[in-house]
Amino acid sequence: MREVYLDNSATTKVSEKAAKKATEMMEKIFGNPSSLHQKGFEAQKEVEKAKEIIAKEIGADTDEIYFTSGGTEANNLAILGAVNAMRRKGNKIVTSAIEHSSVYETCRYLESTGIQVVYLKSDITGRISKNQILSAIDEKTILVTMMMVNNEIGSILPVDQIRNCIEQKKSPAIFHVDAVQAFGKIPVKVSKLKADLISASAHKVHAPKGCGFLYKSKNTRIAPIFFGGEQQGKVRPGTEAASLIAAFGEAVSEFNLSENYGKVSNLRDYLMEELGKIEGVTINSSRDGIPYVVNFSTGKVKAETMLNFLSSKGIYVSGGSACAKGKKSRVLKNIGLLDEKITSSIRVSFSKYNSKQDIDDLIKYLKEGLSSFSGSN
Amino acid sequence: MKEIILVKIGEIVLKGLNRRNFEIQLIKNIKKKISKLGSFSLSISQSTITIMPENDNIDLDEATESLSTIFGIANYSKAAICKKELDDIKNTTHQYLKDTLSTVKTFKVETKRADKKFALKSPEISKEVGSYISEKFPNLSVNVNNPDIVVNIEIRDNHAFVRGNSTSGAGGVPIGMGIKAVSLISGGIDSPVASYMMAKRGVELIAVHFASPPYTSIRAKEKVERLVKKVSQYSGKVTLVIVPFTNIQEQIRENCREEYFTIIMRRFMMKISESIAQRYGGLALITGESLGQVASQTLEAIFCTNAGINLPIFRPLIGMDKEEIISIARKIDTFKISIEPYEDCCTIFTPKHPKTKPHLEDILAEEQKLEADALIGSALDNLEEIIVD
């Protein structure tokens with residue numbers, strides 16, 4: 001059976017070079033980067049090399065990159081670290097209502113400790129305006145945290161406007177961008193975002209799971225959330241996951257943003273065109289979003305049923321609604337999608353490895369699923 | 001100090017002439033459970049099973065803990081062995097129980113004298129040991145009605161045993177006496193609890209699960225396997241039978257009135273389960289129904305579901321509230337698995353307005369629209385069997 005992987009916002013296949021690097025690290029360059037001997041030094045050099053590649057990619061200095069166990073940890077460190085460092089200056093966070101749960105749940109937790117959180121609502125395609133952000137920020141705001149690209153619907157949020165809003169309002173706020181779904185797909189540049197903190201994850205960009213980074217500008221102070229050794233300037237203590245980090249560096253060195261963007265845009269256009277021909281299907285993603293994510297609703301077939309059916313044909317997509325039994329996606333609910341659209345919503349997410357044939361297969365079985373299981377929603 | 005485990009057998013003592021068979025089965029079940037921890041010798045007398053480890057590196061705590069899921073045990077505890085001499089009994093009591101005796105406030109001593117030739121009578125031994133404890137632990141006082149610890153002394157033929165409080169066992173009667181029943185498992189909270197409760201009465205389980213791919217996923221099936229695995233901690237080996245159910249559900253949905261969907265579906269489940277019971281030698285069906293819990297469990301609905309089934313249908317949860325069921329589900333550790341949110345055969349195609357007071361004749365009329373025998377036959381021809389142990 002031909003396998004078609006169209007769930008790249010969940011995770012990606014590790015590139016051959018990155019996998020090789022990880023194996024080489026585990027088998028040969030396995031020293032502890034903090035050890036003083038040759039074996040440790042070799043591992044440290046690999047970590048430094050990866051740091052350089054990543055720093056160069058986002059236009060930062062190498063000592064502004066802190067490796068974490070992934071996107072969730074990077075977001076937790078950014079938000080908790082910023083708030084704990086800033087508590088004396090105010091008590092308000094500005095964020096959006098469509099953040100990833102690693103941001104949303106961390107904010108919910110901070111609310112329980114007395115912090116006020118403003119969750120900005122998006123329009124029905126997941127967009128938020130600069131004006132909304134501007135009017136939410138004030139001099140008591142200590143953190144603005146927002147995703148660059150939404151993971152469920154692919155909308156692009158105006159994070160490049162936030163620095164200007166903070167300055168206009170003379171707010172002391174630290175500014176954090178969750179770039180997990182943007183990094184490796186569209187340019188994530190410190191000079192453009194003017195963010196204090198930026199998070200990203202390795203396994204979304206063809207590197208292994210269990211690794212990510214937080215960019216922290218030199219002038220930004222955050223409190224650590226872990227305590228331990230002297231590693232990474234005590235901002236994130238713990239032995240660096242050298243093999244995963246080196247593989248992450250390898251994967252980033254393979255980035256080819258503009259070529260992949262062009263290729264994936266064509267795939268997106270083709271998919272949208274084909275979906276448009278199927279009666280009853282509505283597309284939830286906006287055309288001005290990222291081409292890597294297409295969210296649509298069949299209206300007639302429950303997402304879980306369609307997902308199981310496609311899976312049995314070797315086609316892997318994601319259900320927009322988290323799971324069965326009434327647990328509906330918070331994000332899709334918050335953008336104002338109707339219930340029957342949420343429960344029948346499917347997310348297709350591309351990577352550089354996808355082809356037109358993948359879409360043809362998807363469409364073929366989507367149609368088959370629609371005719372066999374209509375009415376299950 | 002040599003330690004052993006003492007197991008008090010439960011309700012089996014009521015079984016009259018069959019009692020010996022039950023005891024043999026219980027010993028067999030205990031052996032099976034603890035044999036992976038090392039070798040033990042087991043003996044029974046005076047409604048007590050003595051488990052003696054045969055070497056010193058056996059983890060007796062783990063062995064004791066593993067008794068908690070064996071039906072037929074009233075209570076159990078570790079005990080120290082000593083010589084049948086009053087001084088040694090006193091010393092052993094002091095050494096063995098001093099950690100507990102120095103933290104609790106009240107105690108009493110109970111003695112059982114199996115060896116009637118022993119010089120002192122039971123109350124005399126209790127009195128001797130009691131005053132010795134009072135002397136060693138002056139902060140302790142005697143409380144005969146509700147003591148923090150009961151110090152138990154047993155005088156046997158060759159040794160004396162000393163132990164503190166015992167732990168309640170799983171109760172019930174031993175599994176393996178050859179009675180089997182088919183339990184319908186959906187993946188929800190109730191059916192694993194119902195299975196557990198019948199296993200407690202000594203019933204071996206054949207579990208039946210209805211799968212409707214692609215409406216239900218591979219994860220829903222795997223979830224049922226994990227639930228059955230939890231129940232098998234108590235029940236021992238379970239044969240899990242997976243019934244392909246997609247076609248039947250689709251046929252009902254396409255041909256029958258929507259408000260009867262769930263009851264007609266459940267009637268199919270019962271009929272298929274009855275055939276499976278015949279195939280596997282089961283003498284009853286087990287369901288997790290609780291009267292009035294949902295639309296398909298009103299008395300009228302249960303009447304219709306039940307009609308036409310010849311085997312007894314056991315519904316051990318019928319009179320229980322959801323909270324009571326959940327507390328058992330937590331105890332047997334199935335709750336967390338049960339609430340994982342995958343679609344199962346009972347959550348798909350659910351009618352918007354199910355009939356809560358269905359009439360059997362209406363349902364039979366609806367079923368006339370289906371090729372019931374062919375549908376059931378085809379499902380029975382394609383069963384999948386998984387052994388869960």
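Reader: Which residue of β10(A) stands opposite A:I283?

Author: This is a predicted model, where local features need pLDDT of at least 70, side-chain atom pairs count only at pLDDT 80 or more, and totals for chains, interfaces and linings use all residues. Residues are numbered from 1 along each chain as its sequence is written, and chains are lettered from A and ligands numbered from 1 in the order in which they are written. Two bridges join β9(A) to strand β10 (residues 293-297) of chain A, in the antiparallel sense; strands are DSSP runs of E of at least two residues, helices are runs of H or I of at least four, and both are numbered from the N terminus. Opposite A:I283 stands A:F296.

Reader: In what order do the four strands of that open sheet of chain A come?

Author: The pairing in this sheet is antiparallel; two strands pair if DSSP finds at least two bridges between them. The edge strands, each pairing on one side only, are β9 (282-283) and β12 (318-319) of chain A. The order is β9-β10-β13-β12.

Reader: How is chain A divided into domains?

Author: The bounds come from an automatic or database domain assignment. The C-alpha centres of the two domains of chain A lie 28 Å apart. The division is domain 1 (16-253) and domain 2 (256-373).

Reader: How do the residues divide on the side of domain 1 of chain A that touches domain 2 of chain A?

Author: Contact means C-beta atoms, placed from the backbone, within 7 Å. By that rule, 18 residues of domain 1 of chain A are in contact with 18 residues of domain 2 of chain A. Ala, Val, Leu, Ile, Met, Phe, Trp, Tyr, Cys and Pro count as nonpolar, Asp, Glu, Lys and Arg as charged, and the others, Gly among them, as polar. On the domain 1 side of chain A, the residues divide into eight nonpolar, six polar and four charged.

Reader: What radius of gyration does chain A have?

Author: The radius is taken over C-alpha atoms, and the globule rule is 2.2 Å times the number of residues to the power 0.38. The C-alpha atoms of chain A fill a box of roughly 65 × 50 × 35 Å along the principal axes. With 377 residues, a compact globule would come near 21 Å, which agrees with the value for chain A: 21 Å.

Reader: Why is strand β5 of chain A largely enclosed by the rest of the structure?

Author: A residue is buried if 20 or more other C-beta atoms lie within 10 Å of its own, exposed if 12 or fewer, and partly exposed in between, with C-beta atoms placed from the backbone. Buried residues make up 50% of the 377 residues in chain A. Strand β5 (residues 141-147) of chain A is largely enclosed because its buried residues number seven of the seven.

Reader: Which residue of β6(A) stands opposite A:L143?

Author: On one pairing, three bridges join strand β3 (residues 92-96) of chain A to β5(A) in parallel, and A:V94 stands opposite A:V144. β5(A) also pairs in the parallel sense with strand β6 (residues 174-178) of chain A, over five bridges. Opposite A:L143 stands A:I174.

Reader: What is the hand of the β-α-β crossover from β5(A) to β6(A)?

Author: A crossover is right-handed if, with the strands pointing away from the viewer, the path from the first strand over the helix to the second runs clockwise. Here the chain passes through helix α6 (residues 162-168) of chain A, and the crossover is right-handed.

Reader: Is A:Q232 buried or exposed?

Author: A:Q232 lies in the loop between β8 (212-216) and α8 (242-253) of chain A. Its phi is positive, about 50 degrees, although A:Q232 is not a glycine. With 21 other C-beta atoms within 10 Å, A:Q232 is buried.

Reader: How far apart are the centres of domain 1 and domain 2 of chain B?

Author: Chain B has 13 helices and 15 strands. Its assignment gives domain 1 (3-170) and domain 2 (180-388). Taken over C-alpha atoms, the centres of these domains of chain B are separated by 43 Å.

Reader: Which peptide bond of chain B is cis, with omega near 0 degrees?

Author: Most peptide bonds are trans. B:P214 lies in the loop between β11 (204-211) and α6 (218-235) of chain B. The cis bond runs from B:P213 to B:P214.

Technical notes
Two residues are in contact if their C-beta atoms, placed from the backbone, lie within 7 Å.
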